[in-house]
Amino acid sequence: MKFSVILRFAQFIKMPYVPQQLKDDSAWILVLIFSRNLAEIFDMDEYELVVEVIVKLLDFPDESLCEKALLVVGQIAAGDCDCLLDHGALTPLLNKSKEANNNFPMQREATRILSKIFKSKLDLPSEQVISAVYSLLELLRSNDDEVLTNVCYALSYCIDGIYGIIQHHDNFSLIYDRLVGLLRHESCSVIIPVLKIVVGIVEREASWYCKFNPADLGCLVTLLDNHNEDGDVVNDICSIICGVVSCGNMEVLGGYLLHRGSV
């Protein structure tokens with residue numbers, strides 16, 4: 001199919017006077033074309049014109065279409081996050097991650113794409129970063145392991161740059177408690193990025209080490225026993241334990257570790 005034809009379908013969607021049924025049909029055609037021929041379309045000089053339309057499809061009322069468009073956006077994110085952000089993808093992705101109404105497949109895909117975007121460490125306007133971080137923090141309450149994993153990895157990738165945003169959140173104390181609680185999560189895919197986030201917080205605010213109680217310390221020691229072959233995890237856990245010791249919890253920590261036979 002010629003690229004000019006693809007652009008014509010894109011124009012149908014953007015034209016205000018075009019009947020809704022034609023817009024819907026054009027949207028489905030574009031999504032199917034992109035999902036099957038993305039590699040070829042990437043090589044075309046004007047493919048960004050169609051990316052703009054694909055991003056707009058994330059706001060379509062047809063949920064099935066939105067799910068297909070999300071998959072296409074995910075493919076694009078794997079190779080060109082800049083292009084997506086240039087066409088305003090961040091806001092609809094955040095909306096989909098929050099408004100999916102327990103549609104976990106949609107939330108999973110939206111948060112997976114957001115994780116890719118945060119991993120790429122792109123420069124974004126501060127107001128967009130704040131909005132994105134606040135939305136991700138809300139999703140820490142998700143009951144879905146994959147959504148939680150994506151959210152925690154997204155936050156962990158950029159904790160160095162967003163600590164101030166988290167610190168000034170109105171519910172920072174509750175967020176911190178939730179993160180520490182997630183260290184007891186049964187899934188390692190959740191625990192590992194949470195460790196990065198917690199380390200990023202306590203290294204900048206030593207007083208938060210004092211919030212660790214004996215049960216939290218027991219959780220850390222258990223993690224140390226279960227992940228002693230993962231150097232990064234061991235370093236993160238030891239970093240927290242050292243901070244707890246320096247904060248004055250030496251007696252509690254020492255007694256617990258001796259009881260467990262870990263020292």
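Predicted model: local features only at pLDDT ≥ 70, side-chain atom pairs only at ≥ 80, totals over all residues.
A residue counts as buried when its relative accessible area is under 20%, as exposed when that area is over 50%, and as partly exposed in between.

Let us start with the whole chain. Its secondary structure amounts to 14 helices and 0 strands, so the run of elements from the N terminus reads α-α-α-α-α-α-α-α-α-α-α-α-α-α. The chain has 263 residues, and 49% of them count as buried. Contacts can also be sorted by separation along the sequence: of those between residues at least 6 apart, 70% join residues at least 24 apart.

Next comes a pair of packed helices. Two packed helices are described by the angle between their axes and the distance between the axes. For helix H4, which spans residues 63-79, and helix H7, which spans residues 104-119, the angle is about 25° and the axes lie 10 Å apart. Because angles under 35 degrees count as roughly parallel, H4 and H7 are roughly parallel to each other. Their crossing is left-handed. On the H4 side, the contact is made by Glu-63, Cys-66, Glu-67, Leu-70, Leu-71, Val-73, Gly-74, Ala-77 and Ala-78, while H7 contributes Met-106, Glu-109, Ala-110, Arg-112, Ile-113 and Lys-116.

Once its neighbours within four places in sequence are set aside, Ser-115 is in contact with Asn-150, Tyr-153, Ala-154 and Tyr-157.

Two of these partners, Tyr-153 and Tyr-157, bring us to the aromatic rings. A pair of aromatic rings is described by the distance of the centres and the angle of the planes. The structure holds 1 aromatic pair. In this pair, the ring centres of Tyr-153 and Tyr-157 are 5.8 Å apart and the planes meet at 35°, so the pair is tilted. Both tyrosines belong to helix H9, residues 145-157, where Tyr-153 and Tyr-157 are 4 residues apart, about one turn of the helix.

How accessible are the two tyrosines? Tyr-153 has a relative accessible area of 25% and is therefore partly exposed. Tyr-157, at 26% relative accessibility, likewise counts as partly exposed, because its value lies between the 20% and 50% limits.

Methods: Residues numbered from 1 in each chain as written. Heavy atoms only, no water. Axes fitted to C-alpha atoms, helices over the stretch in contact; angles between N-to-C directions. Helix = DSSP H or I, 4+ residues; strand = E, 2+ residues; numbered from the N terminus. Parallel < 35°, antiparallel > 145°, perpendicular 65-115°, else oblique. Left-handed = near helix turned anticlockwise from the far one by under 90°. Contact = heavy atoms within 4.5 Å. Phe/Tyr/Trp six-rings, centres within 6.5 Å; stacked < 30°, edge-to-face > 60°. Buried < 20%, exposed > 50% of the residue type's maximum accessible area, 1.4 Å probe, protein only.
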